[in-house]
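User: I would like a close look at one part of this model. Please keep to the charged side chains and how they pair.

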Amino acid sequence: MALRLPAPPDPPGHGPPAGPGPVVVFLPAHDEEATVAAVVARVPELVAGRRVECLVVDDGSGDRTAELAAAAGATVLSVAGNRGLGAAVRLGLAAAVERGAAAVAFCDADCEYDPAELERLVAPILEGRADYVVGSRFAGEIRRMLPQRRLGNLALTGLLRFVARAPIGDGQSGFRALSRAAAAEAEIVHDYNYAQILTLDLLAKRHRYLEVPIGYRFRTTGRSFVRPLRYLRQVVPTVWRELDRHHRAAASSSPSDPRLTHPDPRFTHPIPGRVPRWGSVADP
């Protein structure tokens, strides 16, 4: 059984800036009528001189989520029935690519994350320094997080850091941004959730990873879909299947790519827990 990705990911660095197009931010939402309008209202109209489009992916809500999101100014994409967070993110990424986004971002619609920090996440992508940016709560300001939630996040992040061969500081963050290419290539093969699967998929495909500090506060309304035992039962087997999928792809690919057969020793760290310096959390 494969325990780690076939090779370490590429480090962030200088690259061509993003092409033309808006910044598209979408909010996956299920029964978030208490908060969705407030989150939409905090999405900036412009970031880095680019127009921002706001979408809400209404994942089969049984309340007024779609109505209130539209009234707040978002474009609403509704699906019948609650398919799951992973499915909602998959739909949001596809919709953003169809709209010609130069950068795509998403965050939860429950007020745990502040869309006003959008530029912090998309700036490295627009500047060409990264392809996949994750907002790190542990490098920023956590105004409230339940102790058991913090412990669980740190444990799962440690596991993801090991299997991904990457310096991941917050593996479960709900505020992320992708380049147009990364969004188009992303495969989320799990309807229940996306966090670990999306990261493994994009890093295996050589998209450059970066974390930036963000603020966070635990939700005060509604109820999170995460139940620890169910979450682990759903996520852990899918992580192993994702690793196996990428090992099979690496084995069938051409050996002409030296990164697959002879990874750069500067970015190879066989000792669990040791990570290269390039991935340390950085504020753009």
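Predicted model: local features only at pLDDT ≥ 70, side-chain atom pairs only at ≥ 80, totals over all residues.

Which residue forms a salt bridge with Glu-187, and how far apart are the closest N and O atoms?

Analyst: The closest N and O atoms of Glu-187 and Arg-245 are 3.2 Å apart. This pair links distant parts of the chain. Glu-187 sits in the loop between helix 6 (180–185) and helix 7 (195–204). Arg-245 belongs to helix 8 (residues 228–252), and 58 residues separate the two.

Now the exposure of each partner. Glu-187 has 34% relative accessibility, so it counts as partly exposed.

Asp-201 has a relative accessible area of 0%, so it is buried.

These contacts belong to a network of salt bridges. Its members are Glu-187, Asp-201, Lys-205, Glu-242 and Arg-245.

For context, the structure holds 14 salt bridges. Another of them joins the side chains of Glu-67 and Arg-64, at 2.9 Å from N to O. Glu-67 is partly exposed, with a relative accessible area of 46%. Arg-64, at 42% relative accessibility, counts as partly exposed.

Conventions. Residues numbered from 1 in each chain as written. Heavy atoms only, no water. Salt bridge = Lys/Arg side-chain N within 4 Å of Asp/Glu carboxyl O. Buried < 20%, exposed > 50% of the residue type's maximum accessible area, 1.4 Å probe, protein only. Helix = DSSP H or I, 4+ residues; strand = E, 2+ residues; numbered from the N terminus.
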